[in-house]
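Hi everyone, thanks for coming.

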Amino acid sequence: MTKANIKPKEAILVSACLLGHPCRYDGKSKPNAAVRELSKAYRLIPVCPEVAGGLSTPREPSEITVASSGEKVYNKRRDDVTEAFVLGAKKALAAAKANGVKLAVLKARSPSCGAGAVYDGSFSGTLREGDGITAALLKANGFTVITEEDLICL
Ligand code: SF4
């Protein structure tokens, strides 16, 4: 019997909500057809940093505030949830490293997953340039991070 030469698929880290997991702050998901399509050619590693960091679902929406002391994350009730966001980011980074991931496809504009643009902390729907806490940590560790909105350009 000949041995099959089956190569493992390359792994991509993906925001779990884009794969249909109901882990968003509102208890819903954001399934994305282009992201799901990636599963045909890649091994998708779903992560939800906010849940991994210990936050419940549903939960209050949160935004990042840039202060002189650095970035803080507050929910709409003004509870400081920075610790949970940082813990979730560390767990996502560990999952990326453990699975040999090079690329992460994360949910646009999320305070955890957003890459390139996030809400400005005023809960007014205003965007600013910047990354979510997890996207920033992944980028700082050499991973390429894009959002589902970039997939159409690939
Ligand atoms: Fe989706 Fe990321 Fe928010 Fe989790 S933290 S619900 S994966 S955008």
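One term before we start: contact here means heavy atoms within 4.5 Å. With that in hand, among contacts in the protein between residues at least 6 apart in sequence, 62% join residues at least 24 apart.

A word on where this comes from. This is a predicted model, where local features need pLDDT of at least 70 and side-chain atom pairs count only at pLDDT 80 or more, while totals for chains, interfaces and linings use all residues. Residues are numbered from 1 along each chain as its sequence is written, and side-chain values use heavy atoms, leaving out hydrogens and water.

Now the overall layout. The protein has four helices and eight strands; helices (H or I, at least four residues) and strands (E, at least two) are DSSP runs, numbered from the N terminus. Read from that end, the order is β-α-β-α-β-β-α-β-β-β-α-β.

How about its dimensions? The C-alpha atoms fill a box of roughly 65 × 30 × 30 Å along the principal axes. Of the 154 residues, 42% are buried, and buried means under 20% relative accessible area, exposed over 50%, partly exposed in between (1.4 Å probe, protein chains only).

Let's zoom in on helix α3, residues 82-98. This helix has 17 residues and reaches 24 Å from its first C-alpha to its last, close to the 24 Å expected at 1.5 Å a residue; the expected span is 1.5 Å times one less than the number of residues. Its buried residues include Phe 85, Gly 88 and Leu 93. What covers the buried residues of α3? Among the covering elements are β1 (11-15), β3 (62-67) and α4 (133-140). After α3 comes Gly 100, with a positive phi near 65°.

Next, please find Lys 107, in the loop between β5 (103-106) and β6 (117-119). Is Lys 107 buried or exposed? Lys 107 counts as buried because its relative accessible area is 11%. Not counting residues up to four places away in sequence, Lys 107 touches several residues, including Ser 15, Arg 24, Cys 113 and Glu 148.

For contrast in location, turn to Leu 127, found in strand β7 (residues 127-129). With a relative accessible area of 42%, Leu 127 is partly exposed. Leaving aside neighbours within four places in sequence, Leu 127 is in contact with Arg 109, Val 118 and Tyr 119. Pro 22 lies 105 residues from Leu 127 in sequence and 24 Å away in space, C-alpha to C-alpha.
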